[in-house]
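Please have the sequence and the model in view as we go.

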Amino acid sequence: MEYDILLRGGRVIDPAADIDQVADVAIAGGKVEAVGPDLAGHAATVIDVTGRYVIPGLVDLHVHIPDHAGGGAGHAMLARAGVTTALDLSGPVTGVLTAAAKSGVGLHIAAVEAFRPGQQLPARPTRAEIRRAVERVLAAGGIGVKLHVDKGWEPEPTGMIIDECNRAGVWIASHCGTTATGSDIIGLRETLELAGGNRLHVAHVNSYCRGDVEDAGAEAYTAVELLRKSSHVFAESYLAEINGSNGTCVDGLPKNRRVRSWLEGAGYPGTEDGLRRAIREGWAHVTRMEPDNVLLLSGDEGVALWEEAETRMPICLPVNPAISRLVLGSSRKADGNFDVHALATDGGAYPRNVTVSAGLSMVEWGLLTLREFVTKASWTPARILGLPGKGRLVDADIAVIDPVSRTVTSTVSAGCLIWHQGAILGRGTRFLCTERGAAAAREACGAHELLEPAGSGLYTGDGLAA
């Protein structure tokens, strides 16, 4: 047999095929041709992966990679993290397409667009205005809509937008909370109530369990109870300690009120001077964009960069408690279904792409099995997105992992090496869109694949057991 790539002697873990064994993986024509011990045949590229895990490429349903926010670097950062398919969860879709066209490294990318009152829609939109705005997103290449508490949506339009997206059969995600609540456990409860029986992608559940209302562990268990009562919603959580926020200050105060609260919770004044001190002392970090990476800086160097930008730059703060990350990452029902269906990162261009390193730590601690880790990081999100060939080895999307260092040593996407031996090798982007957005995706990226508007497996609530 003639193969393009032959991965020799790794521990192959593919829950969809019920495989967990030491074997070879042979790839040809963008597909996995064979999995088994000591495969015979010739390959253009043979890689010895003895002692390493060979798993389906990660499917990350919460990243941020628009052109204006380091999207080009985000593509490379995702490839290095073993991600082969990702959903940008804020847009704008045109910015995601621009970054994908300029800086693609061989990933499969889909996007939704964040609706802001006064921009895509009036603050109190009619249902007809919502339908027209959704249609514009689909025509631009997106698959749906994102709502965000910081954008200032009131409760009534929040519920109406969720309902109209369900009627249209498009993706609808929410950073929970409205003008009546906040980005906390109360906001999660409110958003689920506003959604009613509608489908909803609940973004980063761990971010509502930071101890803002009660003990963080208690909030995590409350979140589990709320999700169990809302089996029609899909939820993901991430495993990084740091968040991502806006470091802009106006009139001596952080523009984002939550930044002020976090600073005060860490013992700093909730002011511009307090944030400056937090950066200098290493509690807060600013982000420096490089062509294929985003670095975290603190100390005098970080302060200088932040001041040079007149404070208008992203910051990362260590505000995600370990207890909520671990509880929400591992909690499951008696039947084996996880309460939080998938692991995501809220990363991409934010340096939070730690699913492999942190997830394998959870495996070591006994909170997840290897099979469960692969299920949550790859197989389940692939089904939710409606991509049955992904999250498994069929489509030759593969991550090779060193279990000792917990790092990804090779990433294969559509049968091509895109990250290997410390180098980004991939090019281009396969954009995932609805038929309505095919023309926009084709014009920007050329290569594209069609999805059902909300993904054929989205929010079904069944068949997602480990």
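Predicted model: local features only at pLDDT ≥ 70, side-chain atom pairs only at ≥ 80, totals over all residues.

The partner of Asp300 is Arg280, with which it forms a salt bridge whose closest N and O atoms are 3.0 Å apart. Since Arg280 belongs to helix α8 (residues 272-280) and Asp300 to helix α9 (residues 299-308), the pair ties together parts that are 20 residues apart in sequence. Arg280 itself is partly exposed, with a relative accessible area of 41%.

Turning to the next pair, the side chains of Glu135 and Arg436 meet in a salt bridge with an N to O distance of 2.2 Å. Here Glu135 sits in helix α3 (residues 127-140) and Arg436 in the loop between β26 (428-433) and α13 (438-445), so this contact ties together parts that are 301 residues apart in sequence. Glu135 is partly exposed at a relative accessible area of 33%, and Arg436 is likewise partly exposed, at 45%.

What does Asp18 meet in a salt bridge? Its side chain meets that of Arg371, at 3.0 Å from N to O, and the pair links distant parts of the chain, 353 residues apart, with Asp18 in the loop between β1 (2-14) and β2 (19-28) and Arg371 in helix α12 (residues 370-385). Asp18 counts as exposed at 60% relative accessibility, whereas Arg371, at 34%, counts as partly exposed.

Finally, Arg127, Arg131, Asp163, Glu164 and Arg167 are linked in a network of salt bridges, and the count comes to 29 salt bridges.

Methods. Residues numbered from 1 in each chain as written. Heavy atoms only, no water. Salt bridge = Lys/Arg side-chain N within 4 Å of Asp/Glu carboxyl O. Helix = DSSP H or I, 4+ residues; strand = E, 2+ residues; numbered from the N terminus. Buried < 20%, exposed > 50% of the residue type's maximum accessible area, 1.4 Å probe, protein only.
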